[in-house]
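Please read the briefing below alongside the sequence and the structure. The points are grouped by topic.

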Amino acid sequence: MNPKPTLVGMAVRNLTRSRFRSGLACAGIAIGVFAIAALGIFGNVLAVEATSTIGEIGSEVVVTPNGEEGYTSIPETVVDEIERATSGTPSAAILTASGLAASRGETASVTFYGTENPGAVFEASEGSLPRVFRTGAAVGSEVAERLSLRVGDRIETEVGSYRIVAVLQGSETQISPVSPDEAVVVPETALGTGGGYDQVVLSGESGGGASEAADAVRETVNARENRVTVFELSSVVEEIDDFFSLLSGFLISLGAISLIVAGVSILNVMMMSVVERRGEIGVMRAVGGQRGDVVRIILIEAVALGVVGSVFGVALTSIAVAALYYLTPVGASAVFDPGTFFYLGTAFGVGVAVSVLSGIYPAWSAANEDPVDAIRD
Amino acid sequence: MTAVELIGVTKEYESGDRRVTALDDINVTVDEGEFVSVIGPSGSGKSTMLNLIGLLDRPTSGRVVVGGVDATDMSESRRTEKRGEVIGFVFQDFYLLPNLTAEENVRMPTAFNKSRVDSGRARELLGRVGLGDRVDHYPNELSGGQKQRVAIARSLINSPEVLLTDEPTGNLDLDTSERILGEISKVRETGVSVIAVTHDPMVEEYADRTVELVDGRLSDSRSDTARVGGEP
């Protein structure tokens with residue numbers, strides 16, 4: 001026994017009546033969904049890649065003497081105040097100087113950093129950084145490479161001769177309060193003149209922690225006078241995040257335009273279909289079909305077009321994302337970020353929603369057609 | 001028993017800034033199982049009368065009683081429901097859905113109600129109109145006469161009390177018209193009343209009686225039965 005005809009069945013059969021036209025409408029939606037999803041994912045991948053590159057600096061606060069007020073260094077007492085105000089946040093008071101370093105007849109120009117606590121700012125890739133730095137030196141990866149240095153070797157510098165205790169991890173970013181690559185980190189006594197420090201770097205564990213530490217320094221050290229300048233690298237990250245949000249919004253807007261065009265095409269297809277089927281819809285009404293039934297049939301057709309188009313759009317985007325992963329150096333963490341799935345899901349939902357919105361007017365217009373007029377003409 | 005009653009029905013339309021009276025104080029009664037043909041020149045109000053009986057339109061004044069129920073003041077939704085329950089339509093242009101088979105077309109009206117009409121009933125109706133071997137054919141595989149017979153089967157699927165036909169033979173040749181009228185007149189055997197609006201004199205031969213409309217009024221020349229008249 002054949003099943004009873006249903007509204008869904010009739011709607012789907014209607015779409016297969018002019019396959020080419022339905023196919024074009026689906027293609028429009030597929031392209032729109034692809035545009036929104038692909039551009040959204042593209043923006044997200046850029047943002048994720050950028051954030052992972054600059055992410056580590058987000059938690060650092062750099063305190064420097066306030067030159068505008070005539071301060072050229074941060075005295076020991078102020079460093080103590082900073083440490084008290086930010087107890088719990090690792091910090092390093094740093095002296096900086098430029099100069100030359102040599103080993104085995106090779107010479108390199110380097111930046112000297114003098115600090116007691118290099119672990120707060122630098123990380124070692126070879127050897128280890130002592131908790132209290134009194135002897136030895138740590139060298140940056142480029143210095144180590146140029147002078148062919150390894151842990152245990154000696155390095156001759158303008159500020160003394162040191163045994164290498166660690167080679168520093170290379171920096172992944174250009175935005176940093178210190179440049180580890182060309183660094184030679186030495187105990188602060190090597191550079192110490194008793195005149196104070198050039199900067200204090202606070203390494204918060206998170207952006208929020210860094211921000212609290214920065215506020216604490218402003219409230220205590222700068223309570224009476226602006227003795228120091230407090231610079232949060234997280235503010236740079238925020239600006240970069242803002243930029244990527246803007247970029248994503250812009251890209252998605254571009255995609256949305258194509259989806260709107262697709263919506264208009266669905267509206268057109270549905271209107272043509274409704275006008276062509278005027279008599280049939282009139283008969284449906286005559287044999288007991290309510291206005292709501294007619295609305296449902298047309299909306300089911302719109303939903304079906306939207307779902308099929310969106311499925312193709314999501315499939316196309318998935319292929320593009322796979323290509324992005326296999327054909328470009330973009331990492332899996334950026335490509336398979338939750339944002340990718342969010343944009344795929346959102347684009348699918350928006351594709352279907354645009355189709356339904358486009359079906360509302362044709363459905364309303366078909367349902368409100370007087371069956372007498374529809375059948376007579 | 002009375003299947004259809006129009007009591008003092010007047011129907012007026014707005015046409016531009018004019019008021020046109022399509023039906024003027026009409027009284028018509030059709031009995032159960034009766035075949036009434038409605039004739040008259042174009043614009044005489046035949047189709048308007050059919051639309052009023054079919055609950056597709058409302059009278060400006062007067063009452064419309066179908067299947068023993070006064071439908072004049074029913075809501076749009078209730079009239080649609082009632083239409084599905086008690087009225088079958090056969091149109092000049094068949095209006096079969098091209099993407100449904102003959103059997104599916106016959107069952108199409110059941111998509112709009114909760115009736116449990118199975119495909120056996122549709123096949124039986126198609127068998128009754130001589131299309132038992134065409135149930136799985138699509139409309140484009142059927143001749144005009146076959147399409148009209150599918151439309152007749154469709155009109156009977158919900159077991160209506162009244163069958164309304166508008167120029168049922170309008171698009172058919174002579175032989176096919178005879179066959180179609182034969183089928184239509186057969187439905188009376190099950191107690192269904194038939195009202196056929198037509199220009200075709202052949203329809204009158206099959207009808208129990210004929211009502212003539214002229215300028216929205218029942219013509220005196222045809223008021224030869226006590227059931228029809230300009231005054232109640």
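The model is predicted. The domain assignment divides chain A into domain 1 (7-54 + 239-376) and domain 2 (58-233), and the C-alpha centres of these two domains of chain A lie 55 Å apart.

**Annotated spans of chain A**

- According to the unreviewed UniProt entry, the annotation "transmembrane region" covers residues 243-274, 295-328 and 340-361 of chain A.
- Residues 295-328 of chain A are 97% helix and 0% strand, with end C-alpha atoms that lie 48 Å apart.
- Residues 340-361 of chain A are 100% helix and 0% strand, and the end C-alpha atoms of this span lie 33 Å apart.

**Helix H11 of chain A**

- Helix H11 of chain A (residues 338-367) has 30 residues, and the distance from its first C-alpha to its last is 42 Å, close to the 44 Å expected at 1.5 Å a residue.
- At A:Ile360, H11(A) bends by about 30 degrees, and the proline A:Pro362 follows within four residues.

**A:Val62 in chain A**

- A:Val62 has its place in strand E1 (residues 60-65) of chain A, and A:Val62 counts as buried because 21 other C-beta atoms lie within 10 Å, where the cut-off is 20 or more.
- When residues up to four places away in sequence are not counted, A:Val62 touches A:Pro177, A:Gln199, A:Val201 and A:Phe231.
- The C-alpha atoms of A:Val62 and A:Val228 are separated by 9.9 Å, although the two residues are 166 residues apart along the chain.

**Helix H5 of chain B**

- Helix H5 of chain B (residues 144-156) has 13 residues and reaches 19 Å from its first C-alpha to its last, close to the 18 Å expected at 1.5 Å a residue.
- H5(B) is mostly covered, with 12 of its 13 residues buried; among them are the charged residues B:Lys147, B:Arg149 and B:Arg154.
- The elements that cover the buried residues of H5(B) include strand E6 (87-90), H3, H4, strand E7 (162-166) and helix H6 (174-186) of chain B.

**Contact between chains A and B**

- The contact takes 30 residues from chain B and 25 residues from chain A.
- On the side of chain B that touches chain A, the elements that give two or more residues are helix H1 (46-53), helix H2 (76-86), helix H3 (102-107) and helix H4 (119-128) of chain B, and the largest share, five residues, comes from H2(B).
- The residues on this side of chain B divide into 11 nonpolar, 11 polar and eight charged.

Conventions
Residues are numbered from 1 along each chain as its sequence is written. Chains are lettered from A and ligands numbered from 1 in the order in which they are written. This is a predicted model: local features need pLDDT of at least 70, side-chain atom pairs count only at pLDDT 80 or more; totals for chains, interfaces and linings use all residues. The expected span of a helix is 1.5 Å times one less than its number of residues. The bend at a residue is the angle between axes fitted to the seven residues ending there and the seven starting there. Two residues are in contact if their C-beta atoms, placed from the backbone, lie within 7 Å. Domain bounds come from an automatic or database domain assignment. UniProt positions are given in the numbering used here, feature names are shortened, and annotations may be inferred rather than shown by experiment.
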